[in-house]
Amino acid sequence: MNLLTVTLLVLALLLLLFLFLARRTGRRTAAMAVLVLSAVTLAGFFVRSYAIVCQTPEAAYAATNPSRRAREVVCGEHTALVLAGSGETRRWQILERTEKGWRIGNPLRDELRSLGMFDAGYGFLYHRSGSPDYYVELNFPDGADHRVGDSLGSTFFRADLSETGSCYYAVLRDWSADYTLILDGETLDLSGESAS
């Protein structure tokens, strides 16, 4: 479940709780109960996102996702992209580097953009707004080895996150509309996608 779904579910439950309590105890008592529950929920979100700081991105991810294991971690200068699961159950999360260690921070600032489809696969761009770090992911369902590069001279590495394909990742320190990917010596058309 993503954060928006969880937020809408919590708001719906709070509204139902208010309506239920308003019939039994009156509006004032119902409003107080919902406000207290909302404050506890917000405090829990703050503790989960900001107060839990760990020495490694893997430890921070495990502390806030106890049932999932990080399969791949790509570290930028200010953030880290954590990938977990595989196939249709694959998840991603961006963590922030602080002076004391790694934390989740505000996941509402995370962006995932499509770089489009190309002959051999498809690509994504991950970013947390306010950070100079960008992450490029290229997926190849055929699992073949490819020579991957870009217009910035970024270093791409291969990570096998599925049984049927291969993935390549790179950390970018810049992003612009004229960014290009180079696959096996040929420049890719990114379908006019851009991110800011």
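Rings of Phe, Tyr and Trp, the last taken by its six-membered ring, form an aromatic pair if their centres lie within 6.5 Å. By this rule the count here comes to seven aromatic pairs. The structure is a predicted model. Its protein chain has 196 residues, of which 38% count as buried, and its secondary structure comes to three helices and 12 strands.

**The chain as a whole**

- The protein chain exposes about 11,400 Å², and carbon and sulfur atoms supply 57% of that area.
- Among contacts in the protein chain with a separation of 6 or more, 45% are between residues 24 or more positions apart.

**Aromatic rings**

- A pair of aromatic rings is described by the distance of the centres and the angle of the planes.
- Tyr122 counts as partly exposed, with a relative accessibility of 31%.
- Phe124 is also partly exposed, at 22% relative accessibility; the class applies because buried means under 20% and exposed means over 50%.
- Ring pairs also link Phe118, Phe140 and Tyr168 into a cluster.

- Arg128 is found in strand β6, which covers residues 121-128.
- With a relative accessible area of 1%, Arg128 is buried.
- The side chain of Arg128 makes a polar contact of 3.0 Å with the side chain of Glu96.
- A polar atom of the Arg128 side chain also lies 3.0 Å from the backbone oxygen of Ile94.
- Leaving aside neighbours within four places in sequence, the residues in contact with Arg128 are Ile94, Glu96, Ile104, Gly105, Asn106, Pro107, Arg109 and Asp110.

**An open sheet of three strands**

- Strands of a sheet pair through backbone hydrogen bonds, in either a parallel or an antiparallel way.
- In this model, three strands form an open sheet in the order β8-β11-β12, with antiparallel pairing.
- The edge strands are β8 (148-150) and β12 (186-187), each of which pairs on one side only.
- Strand β11 (residues 181-183) is joined to β8 by three bridges, and the two strands run antiparallel.
- Within this pairing, Gly149 has Ile182 of β11 as its bridge partner.

**The loop between β11 and β12**

- Asp184 is found in the loop between β11 and β12.
- The phi angle of Asp184 is positive, at about 50 degrees, although Asp184 is not a glycine.
- Asp184 counts as partly exposed, at 32% relative accessibility.

**Cysteines**

- A disulfide is a covalent bond between the sulfur atoms of two cysteines.
- How many disulfides does the model contain? The count comes to zero, with the cut-off set at 2.5 Å between cysteine sulfur atoms.
- Cys75 is partly exposed, at 40% relative accessibility.
- Cys167, by contrast, is buried, with a relative accessible area of 5%.

Notes. Residues numbered from 1 in each chain as written. Predicted model: local features only at pLDDT ≥ 70, side-chain atom pairs only at ≥ 80, totals over all residues. Heavy atoms only, no water. Helix = DSSP H or I, 4+ residues; strand = E, 2+ residues; numbered from the N terminus. Buried < 20%, exposed > 50% of the residue type's maximum accessible area, 1.4 Å probe, protein only. Polar contact = N/O pair within 3.5 Å; in protein donor to acceptor, adjacent residues only side chain to side chain. Contact = heavy atoms within 4.5 Å. Areas by Shrake-Rupley, 256 points an atom, 1.4 Å probe, with all protein chains shown as cover. Pairing = 2+ DSSP bridges. Phe/Tyr/Trp six-rings, centres within 6.5 Å; stacked < 30°, edge-to-face > 60°.
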